[in-house]
Number of protein chains: 2
Amino acid sequence: MSVKNILNEKGNLVYTVLIDQKINDAIEVLNSHNIGVVVVVDKDNRIKGILSERDIIRKMEDHSASIYVAPVKSCMTADPLTCTKDATIDEVMNIMTKYKIRHLPVIEENRLAGLISIGDIVKRKIEITEQEASALRDYIAG
Amino acid sequence: MSVKNILNEKGNLVYTVLIDQKINDAIEVLNSHNIGVVVVVDKDNRIKGILSERDIIRKMEDHSASIYVAPVKSCMTADPLTCTKDATIDEVMNIMTKYKIRHLPVIEENRLAGLISIGDIVKRKIEITEQEASALRDYIAG
């Protein structure tokens, strides 16, 4: 199973903010869609970064009231790791485990084409492994 | 496999804040330990709530500069669902899926005794299912 299969199932909608927006814009997107991460893009939908709830909380260390008007650029992880639609579940899982990340934007022809979360991956991983065990049990029983 | 087994492996350390502390205290605990959630307790280590990065971001909707000095009480999820050490992996997984939560504090004699994350659960779930498939393959081969 590949990233393409997952996107076919879950859709390729990704919530984004533009690179020149502020943290309060990102907070609004996060809260209105009840999500944990937004992808930061330029006006041509090319990925510039990824911004998570955690990135914002980390930035609040200095107790600055200006957090709301800080540029997303100042908080985001710039040039994040990405994958293509051809990547397999195991490849994505290995990247997420190795780099301790939970989201991987999907790129197609240099443009944002989807977002894969660790939740998407473990759901399929458990399904696939359970199906395999079930098929093996059937084989033994039959 | 039960919650007790998981806690034996990962330890029972839980990062907490006291119920009368402020959001900036919680941010400090989250950031210094690079974690996403703290359990809110009273001075007798009884659970009063759970406070996640998401809870804080949701509270920032009104762009209030006073977020830092807001009481954790005003942000936390009060009286969260909990489990005991006897709960099985499948029971915990079902609760997390049903209520869409990622963390479950563990209670023993009314006191906080550990914290189970969805990451702890899926890691073991994948291991167990893969071991089962592997044992079935060996059985067929042998």
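**Exercise 1.** Determine in which sense strand β1 (residues 16-18) of chain B and β2(B) pair, and over how many bridges.

*Solution.* Strands are DSSP runs of E with at least two residues, helices are runs of H or I with at least four residues, and both are numbered from the N terminus. Two strands pair if DSSP finds at least two bridges between them. Here β1(B) and β2(B) are joined by 3 bridges and pair in the parallel sense. Within β2(B), Val39(B) is the bridge partner of Thr16(B). The chain passes from β1(B) to β2(B) through helix α2 (residues 23-33) of chain B, a β-α-β crossover that is right-handed; that is, with the strands pointing away from the viewer, the path from the first strand over the helix to the second runs clockwise.

The model is predicted: local features need pLDDT of at least 70, side-chain atom pairs count only at pLDDT 80 or more, and totals for chains, interfaces and linings use all residues. Residues are numbered from 1 along each chain as its sequence is written, chains are lettered from A and ligands numbered from 1 in the order in which they are written, and side-chain values use heavy atoms, with hydrogens and water left out.

**Exercise 2.** Describe how β2(B) is connected to strand β3 (residues 47-52) of chain B.

*Solution.* The two strands pair in the antiparallel sense over 5 bridges. Opposite Val40(B) stands Gly49(B) in β3(B). The strands form a hairpin with 5 residues between them, and Asn45(B) in the turn has a positive phi of about 65°.

**Exercise 3.** State whether the faces of β2(B) are covered or open.

*Solution.* Buried means under 20% relative accessible area, exposed over 50%, and partly exposed in between (1.4 Å probe, protein chains only). On one side, Val37(B), Val39(B) and Val41(B) are buried, and on the other Val38(B) and Val40(B) are buried, so both faces are covered. Because 5 of the 5 residues of β2 (residues 37-41) of chain B are buried, the strand is largely enclosed by the rest of the structure.

**Exercise 4.** Give the strand order of the sheet in chain A and identify its edges.

*Solution.* The 4 strands form an open sheet in the order β1-β2-β3-β4, with mixed pairing. At the edges stand β1 (16-18) and β4 (77-78) of chain A; each has a single partner strand, so one side of each lacks a neighbour in the sheet.
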